[in-house]
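Reader: Got the model open. Can you walk me through it, piece by piece?

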Amino acid sequence: MVAEKISLMIADDHVLMRQGLKQLLELEEDIAVIAQSGDGEETVKKALEYNPDVILLDINMPSMNGIEVLRRLKDLGTVSKIIMLTIHEDREYLFETMKIGADGYVLKDSDADSLIKAIRDVNMGKTYIQPSIASMLVEGLEEKDSNKELDKIRQLTKREYEVLSLIAEGLSNKDIADKLFISEKTVKNHVSSIFKKLDVNDRIQAAIFAFKNDIKKI
């Protein structure tokens, strides 16, 4: 039995970029590009119409930029996973999308393997932050009182610390449960507790906290 393909939508205002990505990604047997869009309003409309598994969303687009599209789709309750396509100069935009809840971040000039891995990972419920972007985000974060950061880390139990390290690796709750030999419900409880103790809203923010504070698996 052939596995169901990952349905993908590409949102970018450059036609050649869209066509190039489509040709590249459809070389993969498990990916099918089902829709394309060239501006923000069209992206929202087509996302709701086609309901793709994953959306590659360029931050810089006319009529409605990628941040506004992301916020609109989240408000509308889309179940599509959203990967932001960005360039190095988009650091401030990245902080904003991180708060809204994007599922992944990939540089537009990244290699094909990184992009394909990002698509597969987020489709499986994982988060994906390209390593160079993670470094950029950490460097760009405001300097905070290190004692406050340390206090947050000290609040974590040994198990929560371990779960946090696996979140930073991009693992989904199910993957974490399998790795630690605990139930997925237990993992969800740990994740909720971690978010509260670290004062973060989602997995991306938790992962950035882990990168910034060098959280490593015990």
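Author: Start with E1. Ile6, Leu8 and Ile10 point one way from E1, while Ser7, Met9 and Ala11 point the other way, and all are buried. Buried means under 20% relative accessible area, exposed over 50%, and partly exposed in between, with a 1.4 Å probe and protein chains only. In a regular strand the side chains alternate between the two faces of the sheet.

Reader: Before we go on, what kind of model is this?

Author: This is a predicted model: local features need pLDDT of at least 70, side-chain atom pairs count only at pLDDT 80 or more, and totals for chains, interfaces and linings use all residues. Residues are numbered from 1 along each chain as its sequence is written, and side-chain values use heavy atoms, with hydrogens and water left out.

Reader: Fine. How many residues of E1 are buried?

Author: Six of the six, so E1 is largely enclosed by the rest of the structure.

Reader: And how many helices and strands in the chain?

Author: The protein chain has 11 helices and six strands. Those are DSSP runs numbered from the N terminus, helices being H or I with at least four residues and strands E with at least two.

Reader: What is the strand order in the sheet?

Author: E2-E1-E3-E4-E5-E6, an open sheet of six strands with parallel pairing. Two strands pair if DSSP finds at least two bridges between them.

Reader: Which strands stand at the edges?

Author: E2 and strand E6 (128–129) do, each with a single partner strand, so one side of each is left without a neighbour in the sheet. E6 pairs with strand E5 (residues 104–107) in the parallel sense over two bridges. There, glycine 104 stands opposite tyrosine 128.

Reader: Back to E1. How many bridges join E1 to E2?

Author: Six, and the two strands run parallel. The chain crosses from E1 through H1 to E2, and this β-α-β crossover is right-handed. That means that, with the strands pointing away from the viewer, the path from the first strand over the helix to the second runs clockwise.

Reader: What about E1 to E3?

Author: Four bridges, also parallel. Methionine 9 stands opposite isoleucine 55 in E3. In E2, methionine 9 has alanine 35 opposite.

Reader: Is E2 mostly covered or mostly open?

Author: Mostly covered: five of its seven residues are buried. Serine 37 lies in E2, which spans residues 31–37. Serine 37 is buried, with a relative accessible area of 1%. Its bridge partner is alanine 11.

Reader: What does serine 37 touch?

Author: Met9, Ile10, Ala11, Asp12, Arg18, Glu42, Thr43 and Lys46, not counting residues up to four places away in sequence. Contact means heavy atoms within 4.5 Å. The side chain of serine 37 also makes a polar contact with the side chain of threonine 43, at 2.7 Å. A polar contact is a pair of N or O atoms within 3.5 Å; within protein, one must be able to donate a hydrogen and the other to accept it, and residues adjacent in sequence count only if both atoms are side-chain atoms.

Reader: Now H1. Which residues of H1 are buried?

Author: Arg18, Leu21 and Leu25, in a helix of residues 15–25. They cover an arc of only 70 degrees around the axis, which puts them on the same side of H1. That arc is taken from the directions from the helix axis to the C-beta atoms. On the other side of H1, Leu16 and Gln23 are exposed.

Reader: What covers the buried residues of H1?

Author: The cover includes strand E1 (6–11), E2, strand E3 (54–58), strand E4 (81–86) and helix H5 (112–123).

Reader: New topic. Which residues in the largest nonpolar core touch the most other members?

Author: Leu57, Met84, Tyr105 and Ile129, out of 27 residues. Apart from that core lies another of 21 residues, among them Leu180, Phe195, Val200 and Phe209. A nonpolar core is a set of buried Ala, Val, Leu, Ile, Met, Phe, Trp, Tyr and Cys residues joined through side-chain atoms within 4.5 Å.

Reader: Last one. Where is lysine 197?

Author: In helix H10 (residues 184–198). At 21% relative accessibility, lysine 197 counts as partly exposed. Its side chain makes a polar contact with the side chain of glutamate 160, at 2.8 Å. Lysine 197 and arginine 154 are 43 residues apart in sequence and 9.5 Å apart in space, C-alpha to C-alpha.
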